[in-house]
Structures are given as structure tokens and as C-alpha cells.
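Reader: Please take me through one part of this model closely. I would like to look at the pocket and what surrounds it.

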Amino acid sequence: MTGDILFQADNISKTFGGLKAVNDVSFALRAGIVTTLVGPNGAGKTTLFNAMTGHLVPDQGSVTFLGKSILGLPHWKIARLGVGRTFQDLKLFSHMTVLENVTTATESGSWLWQTGGRAAKAARIERVERALEATQLVRRRDTRAVDLSYAERKFLSIARIMASGARLWLLDEPASGLDRSSYDRFLTVLRNEVTSGVTICIIEHNLDIVQSISDRIAFLDQGKLLAEGEPKTILSDPALAAIYFGERGP
């Protein structure tokens, strides 16, 4: 197993009315690798992400980051602890520029009463510029988010997490709808960040991406964690493949 446990979810459950969207799920995210959550639509992947990041409060279970409980904390506090999150709908500031969008991710380190002075300010600017460079958005820095292409908006959501300095990235279908060139660039960005010390967990449906990027896979179905392990083992399991492709038995 690679790395120490960075993030732990134990016995997480979340019910909406009569639907148990997440049902007693436990799994860990280990430092320095990419873990992918896979499963058919409606498996509970995004609900689990929401429960992990304070956007939903689970009905039961515990959530820890760096060995400390974060259960019940609001999502903005969890983000400031170093857990970055993207969404399927991206949640960009549409009428702000690329530079402004990325700069907002550093706001918790730029309050007037905080210490650090010029050195802290220089470090924030450096993080922003590095994020723009890594995502190839430097030339679009003064363009409003609403005027970007779909792929550029996807990369902008990644740039914001990068600039925040988050140690753990939780990415909800970050490569969906990307063209081949953008897809290759996306994989390069993620691998470079993992090499530099970031830990990543992604929700992804594209099996090409799952095979290309995953160090470990967790398979969810109908709110339950059915399997977790090495990609080759999970992806070669005929029973899981049948569930994933909607070929369940009677």
C-alpha cells in the first residue's frame, strides 16, 4: 500500500426520504496516489463526496482528515484545512476573469489582519501564476469564465484547487466531455500534481481515464461499497463489469 492514510470515512450513511443514497460505506484515501470512485449512475458517488466535504451531513459515520475529525464542519472550513473539491457543474464565478477566479482560491491567506507581509503575498501570487501555467490558462487570464471554452472552464476549476494549496483533491467527473488533446493534458496535470505530493480522489465514468490514472479503485453500487483494490483486479471482475454496464442478473 502506498502512503499513509490521509483521509478516512467510516460507516457513512445518507438517506433521502426512502432512498439510502450511501449505505454504511467505509474507505480510506492514502497519500500520494490517485483513487477513483467508479460505479453506475445513481451509485452514490457524488453523495459520498458531499458527505466527505461538509456539503451534506451524513446520518451516521465518521470522517477524519490528517487524523482529526471533520464531521459536522461546514464545507468552507474543510476546504481551508486542505481539502479541495470540484463539482460537475464547476461552480465558477462566470463574470469574473480567469485570474480573479483563481485568486479567490487564495482568499483565506490574504486577509489584512494576517501576518506574512510581502513574503506571504509573493507566495500567493506565485501559486496563482503556477496554476495558470500548469493548466495553460496564462493567455486567458483576463478572459471572463463565461467566455471560455468548455475544456478551459474544466481546467479553470482545477487551477483554483491548485492555487488554494489543497493537499487533497476530490474531483467530480473532472474530465467528462473533454476532447482528446485536453484529456491528455488533464492526465498530465494530475500526474504532475501527484508527483509533487498531492493526493487525488476522482469520480469518473470513462474507463479509459480510470485505467490511465488510477492507482486504486473503489466500486460503489446502490449506495454500498462492493469492492476496493488494485485497478487490474477491480476492472477484470466480471460481476462488477456486469453491474457497471447494466447487465445485472435477475
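Author: The largest pocket is lined by 26 residues. Among these, Ala79, Arg85, Ala105, Arg160 and Ser164 lie nearest its centre. A pocket here is an open set of points on a 1 Å grid over the protein atoms alone, where a 1.4 Å probe fits, with protein on both sides within 12 Å along at least five of seven lines; lining residues have an atom within 4 Å of a point. Helix 2 (75-81), strand 6 (83-85) and helix 5 (150-164) each give two or more residues to this lining. Helix 2 gives the most, with five residues. Helices (H or I, at least four residues) and strands (E, at least two) are DSSP runs, numbered from the N terminus.

The model is predicted: local features need pLDDT of at least 70, side-chain atom pairs count only at pLDDT 80 or more, and totals for chains, interfaces and linings use all residues. Residues are numbered from 1 along each chain as its sequence is written, and side-chain values use heavy atoms, with hydrogens and water left out.

The volume of the largest pocket is about 760 Å³. That is the space filled by probe spheres set on the points, which are joined across faces, edges and corners. By class, its lining has 10 nonpolar, 11 polar and five charged residues. Ala, Val, Leu, Ile, Met, Phe, Trp, Tyr, Cys and Pro count as nonpolar, Asp, Glu, Lys and Arg as charged, and the others, Gly among them, as polar.

Arg160, one of the residues nearest the pocket centre, is also touched by Val102 (contact: heavy atoms within 4.5 Å). Val102 touches Leu156 and Ala163 too, among others.

Definitions and conventions: Lists of a residue's contacts leave out its neighbours within four places in sequence.
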